[in-house]
2 protein chains.
Amino acid sequence: MTGTSLDGIDVVIAEFSIDGTGHHNFKMIKHHSEDYPEVLNKIGSSIISLKSNIRDIAKFHHFLPYFYDKAIRQACNEAGIQTNTLDLVGSHGQTAWHAPDPELIDGFNIASTMQLGSPSVLAKLLGVPVVGDFRSGDIALNGQGAPLIPILDFEFFTSENESRILLNIGGIANITYLPMACQIDKVKAFDTGPGNALIDAAAKNYFDQNYDDDGKLARQGKVNNELFEILKNSGYIFNKPPKSTGKEFFNFQFISDNVRKINSSEPTYFDILATLTNFTAWSIAENIRLFADPKAKIIVSGGGIYNSFLMDCLRKELPLTKVDIIDNYGVSSKAKEALGFAYLAYRTFAGMHGNIPSATGADRETILGVIALP
Amino acid sequence: MTGTSLDGIDVVIAEFSIDGTGHHNFKMIKHHSEDYPEVLNKIGSSIISLKSNIRDIAKFHHFLPYFYDKAIRQACNEAGIQTNTLDLVGSHGQTAWHAPDPELIDGFNIASTMQLGSPSVLAKLLGVPVVGDFRSGDIALNGQGAPLIPILDFEFFTSENESRILLNIGGIANITYLPMACQIDKVKAFDTGPGNALIDAAAKNYFDQNYDDDGKLARQGKVNNELFEILKNSGYIFNKPPKSTGKEFFNFQFISDNVRKINSSEPTYFDILATLTNFTAWSIAENIRLFADPKAKIIVSGGGIYNSFLMDCLRKELPLTKVDIIDNYGVSSKAKEALGFAYLAYRTFAGMHGNIPSATGADRETILGVIALP
């Protein structure tokens, strides 16, 4: 897995199986992370910021698999596994473009997405079948091509005894809501709003720090009630799912635009950070109250779990709710997304659909991705 | 099949089978051609000429399959076949970039190629499995990713009774040499030099015509011997195979540069065209004499067969050789390449290699392409 932030490659080695009752099981064997090489970050950033043409895009598409190959071999090495004993690799690729909302071109409504890092090249280098290009097929069926992790949540975290919400706090926060003993068509999954995006942007711009380490900065401030009310009504949060958002909306511009609207008070930077953190927790909780179940157990993953102040705010917002972290369920928080695409590859190879239409909005369930043979 | 000239979409419906002796058979059911839509030509040309970024490239990648889908449905309709009875579609895609010679990037030798027109999207639209991206895997194994048609030539045109040469005269001319009853490692395939490229360029620049219709212009001229000798020694023709060339070398610049070297005589435009046509025929024949077998039967395909003067010149150059056209072997000349990629898809789905290492230069035989399921 390589995320849109172009910062690293995550490799998960896992085993999947289906038992006699049709229940899917996973076993985490290894999680390995590597920094994204400087040269790739440079070329990739240029592509994403629309500055590159087909020459650089094609080169990146062929170049990136050499690093995937290297990272996978390193993970195998650490786990004491021969690469040629791997059954299959799932490779998400580097998202270089994602525009799921259709645009009219010559009478056709065309949405588009593009993940770079050729599955064909990786399969030949590694000598193992590779599944890649997971998002195009769902988009072709009028889905958003995202979120795709809900199938992992549904198969492995649905409980017979309790309703659960899988909450991932990355830059943006998203949830998968799994009613107790639910069928797949009852799964809901959507972005709730900001995750770390606003907190990180404020830490960067007000304190020159990449993030608010464990919420220490925010803890020094007080919630500014006027700003809090402004933020609550700034849009998105009350929209009905399915819905998705991104850093093109929840960014520093969003913060400064809203801070400018304050009339009666003058918050400090600490106060603003405290307010943003509370707002982030509230926006997650409010979506759960409106569109899921505030009494469901919440299982949290993503970088947000390392901000104890944000987690405290979240617990305060949902006093009836047990908040747990995914690390207690056999997956480290940082490995979850990579595990998800390993599992999606497994499903594709086995001829099972990977998308959940109630989450992506696609017309139907479909087998995701392309298969490249070694 | 869509070629690099962005001028049309060729659809072939065919049946393939393997008989009890392991012999592969094909049956042509339908050939259907469509002009490339204006809007695609415009976006595609911009991409190929390095003027587009990832946004337009991703859109084209998702947009093009809608036209493939339409063309395939039209072909099925004409043949009285339901699309959902198709087993499989092979889709070459639009070549937007092809640079098989490696370039050093950060310590890695990286060659690259990119065919646009998402197999995932086409599979979902059509409801049929699609094989695409045929060239990347061969390139990852240090091959040229081309030529890929030789496997079709080998399986269907190898004879127990005679040596054969499959000659395709497109813009560039290429041959597949099949010694009598040969094994696959004895197949040779390479570009011989110009096909119609020089003739077309001269017709365009000297006579404002897109091509020399049936060689009528060239027939009005006389061969200029000095120019003929200059052309013979202008490079490429005597290079040893495997080798490939393109219109970046054999173009109008090549013509005018060589015409400028003439000292003693002043050829008319008709004379230049006559000389270029003779040179084209000679370059094909000389490659056959040097690197194949001048007594092998030649089976010709491609636009060149419609220039009877070029064909006459070729027969004069190879007086001992029987020159036939592929239309006499169950494939129309215009359908051959599309048939080739249908067959390559069949091979991929059946787990059979598609490349011939002695033709592409790849390290080994490999299953080409990616498979997208509906």
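In the predicted model, 49 residues of chain B are in contact with 49 residues of chain A, and the two chains bury about 4400 Å² between them, of which 71% lies on carbon and sulfur atoms. When the residues on the side of chain B that touches chain A are sorted by class, 28 are nonpolar, 14 are polar and seven are charged.

Polar and charged interactions also link the two chains: 19 residue pairs are in polar contact between chain B and chain A, with both residues of each pair at pLDDT 80 or more, and the count of salt bridges between chain B and chain A is two. One of these salt bridges joins B:Glu103 to A:Lys59, whose closest N and O atoms are 2.4 Å apart. The elements of chain B that give two or more residues to the side touching chain A are the helices α1 (38-48), α2 (54-79), α3 (119-126) and α4 (136-140), together with the strands β4 (94-105), β5 (108-116) and β12 (370-372). Of the side of chain B that touches chain A, the largest share, ten residues, is supplied by α2(B).

Strand pairing is a further feature of the contact between the chains, in that β12 of chain A, which spans residues 370-372, pairs with β12(B) in the antiparallel sense over three bridges. Within this pairing, A:Val370 stands opposite B:Ala372 of β12(B).

Conventions. Residues are numbered from 1 along each chain as its sequence is written. Chains are lettered from A and ligands numbered from 1 in the order in which they are written. This is a predicted model: local features need pLDDT of at least 70, side-chain atom pairs count only at pLDDT 80 or more; totals for chains, interfaces and linings use all residues. Side-chain values use heavy atoms; hydrogens and water are left out. Contact means heavy atoms within 4.5 Å. Buried area is the accessible area (1.4 Å probe) that two parts lose on being put together, summed over both. A salt bridge is a side-chain nitrogen of Lys or Arg within 4 Å of a carboxyl oxygen of Asp or Glu. A polar contact is a pair of N or O atoms within 3.5 Å; within protein, one must be able to donate a hydrogen and the other to accept it, and residues adjacent in sequence count only if both atoms are side-chain atoms. Helices (H or I, at least four residues) and strands (E, at least two) are DSSP runs, numbered from the N terminus. Ala, Val, Leu, Ile, Met, Phe, Trp, Tyr, Cys and Pro count as nonpolar, Asp, Glu, Lys and Arg as charged, and the others, Gly among them, as polar. Two strands pair if DSSP finds at least two bridges between them.
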